[in-house]
Amino acid sequence: MLFWTYLASPPSEGRIAQVMVMLVIKKQDYEALRKHGEETYPFECCGALLGRFDSGARVVEQTVRCGNTRTDRPQDRYQIDPKELLSIERHAARQKLEIVGFYHSHPDHPAQWSQTDLAEAHWLMCSYVITSVEKGAASRTNSFVLLGQSEDEKRLETEEISILEVTEVQSLCH
Amino acid sequence: MSLNISIPSPLRSYTGGEDVIEVSGKTVGLALESLVEKFPPLRKQLYTEDGHLRSFLNVYLNEEDIRYLQKAETAVVAGDTISIVPSIAGGGAAKTLRWSSVQR
């Protein structure tokens, strides 16, 4: 796996370029965020991804479910209460983690970012994971990273999702 | 008087990776000004060209959103913490996309 190759030896510039746009997530966390979308169907779910930035890749250590404050049209909009975000940031800091991304679902809609997603995305270098939920069942999950130096230049680009089996994580810890 | 400003992860590249910066100032606005004086490239990230705090940034003084206090004029005391929290929102309705044209 590319990510492990990177860890095992000093990165060359080429390797850095290869891992620049990647989300690394444990299988149980990946399944948890997809399940969240099924549970809130036909409404959108949303949550935060906590972890660390590793040479441009975002490595998820925890997922945190959030409430959707867009009760006026929860079927196609989501918003996380900033006060809840503040609590999550503090929770992350206590564990020496950072917010590395967010996730939400698109009920009966493709797992592709919308113009609304881009307009409302402000966490540069963070991942935005979108799961399409079709008739209540999670289908495609895609991840996009918000790149650019400022609001004026921001863009969402597709990134690879590297899903780790638990055994792989355990072996890394030893 | 000194107080801390908590920096969100997307802005830490402008503060040398630091998540908390000690600043000075008698109001929230002056404390933020102290922050951008320390890290000038942050100004463009926090403020519009006409000097207004960007609308998607939520600023908290301890536990309170400054929009519900006196905004930038809100007085601070030593030991307070100011937190900058970019908003997070979005949603589907990409009506230009067709199910048949995208990978599911």
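Predicted model: local features only at pLDDT ≥ 70, side-chain atom pairs only at ≥ 80, totals over all residues.
Residues are numbered from 1 along each chain as its sequence is written, chains are lettered from A and ligands numbered from 1 in the order in which they are written, and side-chain values use heavy atoms, with hydrogens and water left out.

**Exercise 1.** Find the order in which the strands of chain A close into a barrel.

Solution. Strands (E, at least two) and helices (H or I, at least four residues) are DSSP runs, numbered from the N terminus. Two strands pair if DSSP finds at least two bridges between them. The order is β1-β3-β2-β5-β6-β7-β8, with 7 strands and mixed pairing.

**Exercise 2.** Describe how β2 and β5 of chain A are joined.

Solution. Start with β2(A), residues 46-54, and β5(A), residues 98-107. Count the bridges: 6. Check the direction: antiparallel. Now take one pair: Cys46(A) has His104(A) as its bridge partner.

**Exercise 3.** Work out the surroundings of β5 (81-86) in chain B.

Solution. First, burial (under 20% relative accessible area, 1.4 Å probe, protein chains only). In β5(B), 5 of 6 residues are buried. Next, β1(B): 3 bridges join it to β5(B), and the two run parallel. Ile5(B) is partnered with Ile82(B) there. Then β3(B): 5 bridges link it to β5(B), antiparallel. Here Tyr60(B) stands opposite Ser83(B). Last, the helix: buried residues of α1(B) pack against β5(B), among other elements. Leu32(B) and Leu35(B) are among the buried residues of this helix.

Definitions and conventions. Buried < 20%, exposed > 50% of the residue type's maximum accessible area, 1.4 Å probe, protein only. Contact = heavy atoms within 4.5 Å.
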